[in-house]
Amino acid sequence: MTNALAKNVARRVMALALLISPSESSEWAAAMSAELEHVEGPFNALSWAAGCLATALKQLCLSIFSPRKHASGSSDRQFFAGPAEVTMTRTAKMFLIACAVASLLFLFAPTFRQALRVTAGTWRLSDSAWLASMRSLGAKAEAAHDAQTLAFVAMQMRYDAQNLAQRDKFADEAAQLDPRLTWIYCSLLSADRMIAPEHVDPNDARWLTQLQAWDPTNAAVYSFEASDYRPPKALGDSEADRALLANSPHWLDAMAKAFSASNYDSYFSQKADLDRAVAQRQRLDDPIQTFRGLMGYGFPDFINFHLYANDFLLKSGEDFEAKGDFSHAEENYWKVARLAQLIQLHGQTDLERLVAFGLESSADARLQALLQKSGNSSAARLLVFQAALARRTTSGIRAKHNQTNLELGADGAYVLQFSLLGIAVSLLLILSCCAYFAARRLSSFGKTARSGSLFARIGIVGAVLLFAFVVAMYFGYSPYHTAFQNYLAASNPGDMYKSLLRFEVLQEMPNGLFYSFRSIYFWYTVIALGGAIIAWIILRRVLRTLHPHAPVHPAT
Amino acid sequence: MLRPVRMSHQTLRLLAAFVAQPRDWRYGYDLSRATTLKSGTLYPILMRLNKRGWLETRWVAPELSGRPPRHMYRLTPDGLRVARTSLAPSDARVLRRSAYGAARC
């Protein structure tokens, strides 16, 4: 029963093999089919039929894709006529063209164009092209008196060390045209600290004065001022750092103003709103630059807050407490707690909230003990509750970030990076095929069956790969495209930030290499090595073709 | 010009089977058992050898009625020369493997 069933299935498989077998190998298909009747055992019959089907499929593929020999006639004629002329079959040509056209059609899809631009953008060695486009946009905005675009351009150019004068000019014009944009100076002040920490830009002092006059109650502005006076080495909590800072009266003065300020605003949401407004108006759909622009935003120097709170206010509070001067001690602790509360209330990012919780927990712990000591136990209990609430919120933020990182993952980024690599290699293969056949039309170079066959196959493989990688890139980029649309439509900075985080992962591919030696060098190395290997393989095959007597097998 | 046959281990095994009985016509299934090659490997090699004129084929009527005619194979003099030359350096090894493979069946 089993034997009959297996034989029956094998016969059906064999019938399929006969059906798909091309005419030039039909005799062989019939031969395989005839042998099936002599195969013993059900398993052997099925195995035989499966092997025959695989052979028929292979022959079918070869008949579709392999080149056709034009030189017809007897083998003697071929021998005396020299190598046969090889061209691609009509089907193969049509297939190659169809794949190439289908791939090109994707260029009409905005998602694919953005995918190509964004992924290629992560491979660029510098931002010079983007900065040049920004300078040009700035010049146009200048002529149109477009304050928002001028402000946007000035901030995009904030690290353009070669064109600082132009950047400053754009920023000043923007602030003059619309004084509500004066906050942009904060971003430029922060960038100047990064470009040259020990060199103060001549405009910086003027900008600080303007900022303080425009928003005198903002603690963040005084932090920028303090950064100008902070000794570069004072970054930690050591006694030496404390001594350095204690001898910097301007720094102490600026920080005293910051801790007495009644407001806090890092202007991050203004920056995000400006970016979106200008990106939509000027049709700037470059998510990587948008991401870099937003992530590189200059927050106030939180180290100043940390150093002044811990090394001065809290420490001197402890000294007062030790001397029994509870009133001054409490005053110092409250100063820290109050600024922390301001940052919590008005800070627009999780980074600011975490900084605030850090400050507040230090102050609250001391205040709680002090209030307990001075007999105000109800206020102390309130602080215990507040501290617990702060801890819960902090762990919530951390959990949210971990969850976001998990959600983002790196799989999509790998698909995009490898798709771009694949597109580059496929184009290389197609170009080498086209170049070969074009050169063969013009000269007698490589006019052999073997090289023609090789290059025809290279072209077809390249076309198929191109289409496959284009499709992979299109679908791989879809979540990124949606994320960018969400960024443009988001109503709060948190959502915007989350939408753009995907591009951080993409920008830092492959993971872990970005900070050590820019990932772009990794990709260029991959392309160079891959190109060299392909070139070596092709050259080897071509040389064999040009020297057909090279002994591949002994023939006597 | 035809591409030289890639002398894979499987090709050498098949040639060894032919060389063992150079004058006999062989069936596909018979060759498959002798070399332990599956049909999906055996027939592409046979096709390549035939394409290069190293293998001759013929159809023979079945011994039992009701069965289809069988396709039979034998090396041509050229094929036999190439086979013997190709097998020379590794003859012993291939034949040993072939015998081992057959023994496993």
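**Figure 1. Confidence along chain A of the predicted model.** In this predicted model, confidence within chain A is lowest in helix H4 (residues 75–81), with a mean of 35, and highest in helix H8(A), with a mean of 91. For chain A, the mean pLDDT is 79, and 81% of the residues reach 70 or more. The pLDDT is below 50 over residues 69–86 of chain A. In the model, this stretch has 21 contacts beyond near neighbours in sequence. The pLDDT is also below 50 over residues 512–517 of chain A, a stretch with four contacts beyond near neighbours in sequence.

**Figure 2. Helices H7 and H8 of chain A.** Two packed helices are described by the angle between their axes and the distance between the axes. The axes of H7(A), residues 128–144, and H8(A), residues 147–156, come within 9 Å and cross at roughly 155°. Angles over 145 degrees count as roughly antiparallel, and H7(A) and H8(A) are therefore roughly antiparallel to each other. The crossing of H7(A) past H8(A) is left-handed. On H7(A), the contact is made by A:Met134, A:Leu137, A:Gly138, A:Ala141 and A:Glu142; on H8(A), A:Thr149, A:Leu150, A:Val153 and A:Gln156 take part. Five residues of this contact between H7(A) and H8(A) are nonpolar, three are polar and one is charged.

**Figure 3. Helices H11 and H12 of chain A.** H11(A) covers residues 202–214 and H12(A) residues 219–229. Their axes come within 10 Å and cross at roughly 155°, which makes H11(A) roughly antiparallel to H12(A). H11(A) passes H12(A) in a left-handed crossing. H11(A) contributes A:Asp204, A:Leu208, A:Leu211 and A:Gln212 to the contact, while H12(A) contributes A:Val221, A:Phe224, A:Glu225 and A:Asp228. Sorted by class, the residues in the contact of H11(A) with H12(A) are four nonpolar, one polar and three charged.

**Figure 4. The open sheet of chain B.** Strands of a sheet pair through backbone hydrogen bonds, either parallel or antiparallel. In chain B, three strands form an open sheet in the order E1-E3-E2, with antiparallel pairing. Strand E1 (26–27) and strand E2 (55–60) of chain B are the edge strands, each pairing on one side only. E1(B) is joined to strand E3 (residues 70–75) of chain B by two bridges, and these strands run antiparallel. B:Tyr27 has B:Met72 as its bridge partner in E3(B).

Key
Residues numbered from 1 in each chain as written. Chains lettered and ligands numbered in written order. Predicted model: local features only at pLDDT ≥ 70, side-chain atom pairs only at ≥ 80, totals over all residues. Axes fitted to C-alpha atoms, helices over the stretch in contact; angles between N-to-C directions. Helix = DSSP H or I, 4+ residues; strand = E, 2+ residues; numbered from the N terminus. Parallel < 35°, antiparallel > 145°, perpendicular 65-115°, else oblique. Left-handed = near helix turned anticlockwise from the far one by under 90°. Contact = placed C-beta atoms within 7 Å. Nonpolar A, V, L, I, M, F, W, Y, C, P; charged D, E, K, R; others polar. pLDDT = per-residue confidence, 0-100. Pairing = 2+ DSSP bridges.
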